[in-house]
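Here is my note for you, written as a few numbered points. Keep the viewer open while you read, and turn the model as you go.

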Number of protein chains: 2
Amino acid sequence: MSEAQVGDSLLFLTDEQLRQGIEAMFFAYRGFTAAPDLILDGTGYGRAHHRALHFIARAPGMNVNRLLMILGVTKQSLNRVLRTLIADGLVESRVGRADKRERHLYLTEEGAALEQRLSDAQRKWMRDAYRKAGPDAVAGFRQVLEALMDAEIRKSHAALREGTP
Amino acid sequence: MSEAQVGDSLLFLTDEQLRQGIEAMFFAYRGFTAAPDLILDGTGYGRAHHRALHFIARAPGMNVNRLLMILGVTKQSLNRVLRTLIADGLVESRVGRADKRERHLYLTEEGAALEQRLSDAQRKWMRDAYRKAGPDAVAGFRQVLEALMDAEIRKSHAALREGTP
DNA sequence: CTGTAATGTCAACAAGCCTGACTTATTTTT
DNA sequence: AAAAATAAGTCAGGCTTGTTGACATTACAG
């Protein structure tokens, strides 16, 4: 509590301020997933499917192992999701050229269409929030989020932004 | 990175920038919950228990209905969590004075101790991120989070900051 | 006394995650 | 060429957290 407020930009780090940040993160994440969840309700898919679609759309041709690392789940868990998406014709799995053990993942037209709907809803939400908060706030937002990721996760994130890992 | 600060203040709203924000949110939330999850692993409790403990600690004497609204789950789901916490002596449920139908929730000493451990870990994570990002970034972060919560959720959050709803 | 509200309980079920053990190809190493 | 490692997939079983639906208890209000 009385943590020596040396006037020096430490004042905002009270436990109370931190707690408010934690709660804001909790509520914001709920708001963040609400829009796609609504769409998914009608489809028979869930958040896990959404995440897979998102990252396959993001980096088409990604192999299963890399997707596994990005999502941070077990292959059994991912496989169940992927199996239904492939069976339903939303995702296509192609044998690797260089290494035939690998399967490279692509969205079909139908898969891309669903991903678009989900993505549009979520981006709209994000865009509205960004507009309300303004560009400076957005820059700060991104900085804090980056800092909140741990080192390993940040790598996945960086790899996605570049072309290839 | 090359974060395109062309002053225009609309340039950052490209789909690509929004998508990066969405992904950052996804990864950051994982980092955000990682520390308490580690502690919970040893205890036999899960995130649902953590959330209940958090909000009971935050507003001692809160009744079940209010906690229900804040958490946004069904009473059956919360009840299971609450039942184990009460049975294990981490939470105490007292009959309301004014309205004896209500149950008011309090942490026991043991409950407060666990909540502290969880809270400390999460606050440490948050504090480190805040420090890395700096005060201006934190202000922006909070602004965007507020905007990301939808109206209903924001009410829950506001209710917590005041005394009574 | 009756209707409504707040709370709690039981049962059944699904999503989504996990571990462990194992198979099938294929590539790499020895 | 044989052995080891890697990528992917599969089966079986378990856990947590969420859902519905049906119903009981208690207490307040008219």
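The points below start with one helix and then move to the two chains together.

1. First, please remember that this is a predicted model. Just after H5(A), A:Gly134 has a positive phi of about 90°.

2. Next, look at which residues of H5(A) are buried; among them are A:Leu114, A:Leu118, A:Gln122, A:Met126 and A:Tyr130. An α-helix has 3.6 residues a turn, so residues three or four places apart point the same way. The buried residues of H5(A) pack against H1, H2, S3 and H6 of chain A, and also against H1 and H6 of chain B.

3. How do the two chains relate?

4. Now for the interface. Between them, chains A and B bury about 6,400 Å², with 69% of it on carbon and sulfur atoms. On the chain A side, A:Arg19, A:Phe27 and A:Leu148 lose the most area to chain B.

5. Finally, the charged pairs: ten salt bridges are counted between chain A and chain B. In one salt bridge, B:Arg127 meets A:Asp15 (3.2 Å, N to O). H1(A) gives the most to the side of chain A that touches chain B, with 18 residues.

Conventions:
Residues numbered from 1 in each chain as written. Chains lettered and ligands numbered in written order. Predicted model: local features only at pLDDT ≥ 70, side-chain atom pairs only at ≥ 80, totals over all residues. Heavy atoms only, no water. Buried < 20%, exposed > 50% of the residue type's maximum accessible area, 1.4 Å probe, protein only. Helix = DSSP H or I, 4+ residues; strand = E, 2+ residues; numbered from the N terminus. Contact = heavy atoms within 4.5 Å. Buried area = accessible area lost by both parts, 1.4 Å probe. Salt bridge = Lys/Arg side-chain N within 4 Å of Asp/Glu carboxyl O.
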